[in-house]
Amino acid sequence: MPFHNPALFARNETMMRSLRDLLGSYGLIDQPDQMSGYAADWSGVSPGLPLAVARPASTAEVSAVVRLCAEHGVPVVPQGGMTGMAGGAMSLGGELLLNLSRMNRVVDVDLLNQTMTVEAGCVLQQVKDAAAAAGAYFPLALGAQGSCQIGGNLSTNAGGVNVLRYGNARSAVLGLEVVLADGEVLNLMRGLRKDNTGYDLKQMFIGAEGTLGVITRAVLQLYPMTPASSTAWIAVDSPSAAVELLRHLRARVGERISSFELISRPMLELVLAHHQQGRDPLTEPHPWYVLTEWSDSMASLDLRAQMEHVLGEALEAGLVRDATIAESLAQVGQFWSLRERVTEAQRAEGAIVKHDIALPLSKVARFLDDAGAFIAATLAGARVIVFGHVGDGNLHYNVLQPRGAAAKDFELAMKAVSRRVYEMVSELGGSISAEHGLGQLKAQQVFALKSRTELRVMQALKRALDPQDLMNRGKLLPHPTERNP
């Protein structure tokens, strides 16, 4: 597939010359064979034809690029590490891709203030490593942390496995620098925990998926290192038992619980079928599992002994059927590999339709029962794979095509199924996007599920900050021609 539109390029030749003068040959990519690497993310959505790829190296260059686009009416798509699952950083056709990967410096680490200043193109693992090297901890933890970038994490308000204790990406931000749709730079880089001087403007851009402006730098909040840790793989009877176990554990150890992941038996069996080194942590199969990690900043604390005691109480109370506590870092890695390899295992099985949802903890069990019954009655042979960060109510509710079925037929049938799944989520007070964002995959669906008042406010913000609708158009909110609230 070509990634270059000659007619579009010719129509914007004046702007392209200005971009080339500004960025040089290294900073502007307009050749089809070079642009293809910037075209697609992990969503599986087919990319549109972009105008070109701009790769600025500073906020000043981002500002100049966006200003040129505003002057010429050319839409812009901000890009990070391209690990998104909703098509949020891809061209719909005709946009300039604004890739921030060259802006990858850790600018400052302030241990007294417990903050770190970074550019948006820093890879998340780079941020975590820089914090650790300074003797601090940055808690955002994702499966894609070796390639996702902090700007994209903030733009989608990424979650991950530590939200239960530390919150989403939003909770880690004290300051932002943003290039607005007209190219003006909005500097909100105050590293303050208390600043009661009006609207908290930075929060508008976190989770906005680049539709209101381009995040270029951030002041991130750091935490003390957690040298004491312990990890357990626990068998439970049901999701409701898992939620009750979480309540029990919180009453005993409080904020030491950093991760609490729910895993279904079908998910574990799927991973074991495609992971040669994978081993079932327990001797007998069980319908549901919890993978939990506890941590503390006190190195002298025997957290494993505490975990053993508390889980023993839960076993006696009937909340736990079996459990094993990791005896080494290698075993910790083995436990987590079973959780982290699910995406790879699902792909090996064929077509899959994913639902990244959030629910009140008290409604998780009801949703799983109702949605499971609906899918079983609607799609014979479809396999439901459930896993997620149940400690914060986030489930990855994925449906695999029936064995022997045609992928296209399955995906077509799943459109109606997904609509009903999202309706169920909404009826229970949940969200159809917990941590992957809306992108272009869910931009239309959000209109059917949000109130008119909420949509009106969102649209008003978009019009105020991006009156030409140039910033990541058609993402998060549908393009005006597609809107039908």
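**Reading a pocket and a strand**

Guide: The second largest pocket is lined by 32 residues, and Gly207, Leu438, Lys450, Met458 and Leu476 lie nearest its centre. This is a predicted model: local features need pLDDT of at least 70, side-chain atom pairs count only at pLDDT 80 or more, and totals for chains, interfaces and linings use all residues. Residues are numbered from 1 along each chain as its sequence is written, and side-chain values use heavy atoms, without hydrogens and water.

Visitor: What is a pocket?

Guide: Rolling a probe the size of a water molecule over the atoms shows where empty space is left. On a 1 Å grid over the protein atoms alone, a pocket is an open set of points where a 1.4 Å probe fits, with protein on both sides within 12 Å along at least five of seven lines; lining residues have an atom within 4 Å of a point. Here the second largest pocket has a volume of about 720 Å³.

Visitor: Which helix gives the most to the lining of the second largest pocket?

Guide: Helices are DSSP runs (H or I, at least four residues), and strands are runs of E (at least two), numbered from the N terminus. Helix 17 gives the most, with 5 residues.

Visitor: Is strand 14 mostly buried or exposed?

Guide: Buried means under 20% relative accessible area (1.4 Å probe, protein chains only). In strand 14 (residues 288-296), 8 of 9 residues are buried.

Visitor: Which strands pair with strand 14?

Guide: Two strands pair if DSSP finds at least two bridges between them. Strand 12 (residues 228-236) pairs antiparallel with strand 14 over 9 bridges. Strand 13 (residues 257-264) also runs antiparallel to strand 14, joined by 7 bridges.

Technical notes. Grid points are joined across faces, edges and corners, and a volume is the space filled by probe spheres set on the points. Buried means under 20% relative accessible area, exposed over 50%, partly exposed in between (1.4 Å probe, protein chains only).
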